[in-house]
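Visitor: I have a structure open and would like to learn how to read it. Could you take me through some features, one by one?

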Amino acid sequence: MTVLLRGCTITLDTIRGKDMDSEYGPGTPEAFEHSPQHPIGPAPQPAGSTAPRPTKRSGWRTVLVVVLVLSVLANFFLFMMLVGMAAFFSIGHRGIFVEEVIEKGPRTSKIAVINLAGVITKRQAEDIRKQLTAAREDKAVKGVILRVNSPGGTISASDQIYNELRKWREETHRPAIAFMEGVAASGGYYASVACDKIVAEPTAITGSIGVIMSYFVLEELLENKLGIKPVVVKGGARKDWPSLFKTPSPEQLQYLDDKLIKPAHKRFKEIVTDSRESLTAADVNELADGSIYGASEALEAKLIDAVGYLDKATEVVKELAGIDEATVVEYRRAFSFYDFLGAKTSTGFLRLDKTRLFELNTPEAFYLWSGY
């Protein structure tokens with residue numbers, strides 16, 4: 001039998017030839033496939049050559065895909081953790097103060113250090129109130145130390161801190177000591193006199209019992225230099241006193257002195273007289289000319305009770321509280337993403353809406369030492 005395959009002639013005898021009678025058996029398909037004379041099988045390799053190894057490209061692709069998926073999942077997990085931590089700190093710890101031990105002792109008796117630093121503002125007054133509340137609720141706290149390093153600030157905020165300290169002493173019947181570091185002048189001294197005793201570092205500056213008010217007059221700049229003339233429509237002759245856009249007359253200055261400066265100054269002298277038993281009204285009136293005093297001068301003038309450092313203030317608290325040992329803790333504001341990310345700018349300097357512009361445009365009297 002003869003089979004024609006596109007120009008090739010294959011006889012049945014060739015298919016059933018001797019070469020097919022191999023170990024697979026004559027005439028079997030296995031013999032046909034493995035026959036060296038098979039005309040359509042794989043081409044024989046040259047002598048000495050090596051067969052190419054199978055490629056592993058698809059295996060590496062699988063590994064890379066798995067690594068990429070795991071990386072995406074890991075980054076998503078870390079991002080969710082960050083969001084959770086931010087939410088915890090911004091909501092859970094916002095406005096919360098935590099204790100930090102600065103002197104070890106028995107936990108059943110504690111002295112809490114409350115910091116008043118920088119220019120006194122409404123926010124600082126609120127922080128002091130929160131810390132005093134924490135000290136009030138902690139029965140282990142036997143007394144507090146108000147650590148002051150401030151040149152003063154707004155009249156209202158200084159008076160609020162003074163009131164909170166007096167109220168804390170009256171309600172808890174526990175001592176409060178003011179400890180002055182660096183500068184404790186004007187509003188800083190105003191807040192300090194609410195305490196039972198005042199201790200000042202040897203280099204501290206205090207005093208400055210007085211009131212100050214200052215503002216810019218832009219009349220000449222706007223009208224003569226820029227050609228801008230402000231228009232004010234008012235009902236009442238004194239409605240725009242004082243004004244940034246008009247040079248004040250002697251009558252206007254006297255009006256500000258009578259309405260703002262003298263009442264605030266009188267209030268300052270009264271609280272010093274009431275709080276400092278060693279000073280008479282005449283003594284305070286003589287000291288209340290705005291002068292500042294070093295620690296030794298202030299001690300001689302009876303504005304403070306002792307010169308020393310924090311350990312001295314701690315000993316005074318122990319003595320007044322009737323305890324021998326105590327753990328001294330300091331209240332510190334807990335870390336907050338809310339503050340760090342600037343969420344409070346709505347009430348800060350960057351806010352330039354009508355309310356903020358009005359605040360910047362309004363002159364204000366301060367219990368503030370201007371030399372700070």
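Guide: Gladly; let us start with E330, which counts as buried because its relative accessibility is 4%. Buried means under 20% relative accessible area, exposed over 50%, and partly exposed in between (1.4 Å probe, protein chains only). Before we go on, this is a predicted model, where local features need pLDDT of at least 70 and side-chain atom pairs count only at pLDDT 80 or more, while totals for chains, interfaces and linings use all residues. Residues are numbered from 1 along each chain as its sequence is written, and side-chain values use heavy atoms, with hydrogens and water left out.

Visitor: Which side chain meets E330 in a salt bridge?

Guide: A salt bridge is a side-chain nitrogen of Lys or Arg within 4 Å of a carboxyl oxygen of Asp or Glu. Here the partner of E330 is R332, at 3.1 Å from N to O. R332 is partly exposed, with a relative accessible area of 39%. Salt bridges with shared partners link E330 and R332 with E100, R147 and E181 in one network.

Visitor: How many salt bridges does this rule give?

Guide: The count comes to 18. One of them joins K234 to D240, with the closest N and O atoms 2.8 Å apart. K234 is partly exposed at 37% relative accessibility, whereas D240 is buried at 14%.

Visitor: And how do I read a salt bridge within a helix?

Guide: Check the spacing along the sequence. Helices (H or I, at least four residues) and strands (E, at least two) are DSSP runs, numbered from the N terminus. E126 and R129 both belong to helix α4 and are 3 residues apart, about one turn of the helix. Their salt bridge has its closest N and O atoms 2.5 Å apart. E126 is partly exposed, with a relative accessible area of 32%, and R129 is partly exposed, also with 32%.

Visitor: Is Q131 buried or exposed?

Guide: Q131 is buried, because its relative accessible area is 4%. Its place is in helix α4, which covers residues 122-137. For its neighbours we use contact, meaning heavy atoms within 4.5 Å. Leaving aside residues up to four places away in sequence, Q131 touches F97, V113, I114, N115 and Y331.

Visitor: Which residues make the nonpolar surface patch?

Guide: Patches are made of residues with over 30% relative accessible area and no salt bridge; like charges are joined within 9 Å, and nonpolar side chains (Val, Leu, Ile, Met, Phe, Trp, Tyr) within 5 Å. Here V65, V66, V69, L70 and L73 make a nonpolar patch of about 450 Å². V66 lies in helix α3 (residues 57-92) and is partly exposed, with a relative accessible area of 44%.

Visitor: In what order do the strands of the open sheet run?

Guide: Two strands pair if DSSP finds at least two bridges between them. The 3 strands follow the order β6-β14-β10, with antiparallel pairing. The edge strands, β6 (152-154) and β10 (212-213), each pair on one side only. β6 pairs with β14 (residues 365-368) over 3 bridges, and G152 stands opposite L368 in β14.

Visitor: What packs on the sheet?

Guide: Helix α5 (residues 155-172) does, touching β6 and β14, and its direction makes about 110 degrees with that of β6. Helix α8 (residues 250-275) packs there too, touching β10 and β14, at about 30 degrees to the direction of β14. For such angles, axes are lines fitted to C-alpha atoms, for helices over the stretch in contact, and the angles run from 0 to 180 degrees between N-to-C directions.

Note on methods
Areas by Shrake-Rupley, 256 points an atom, 1.4 Å probe, with all protein chains shown as cover.
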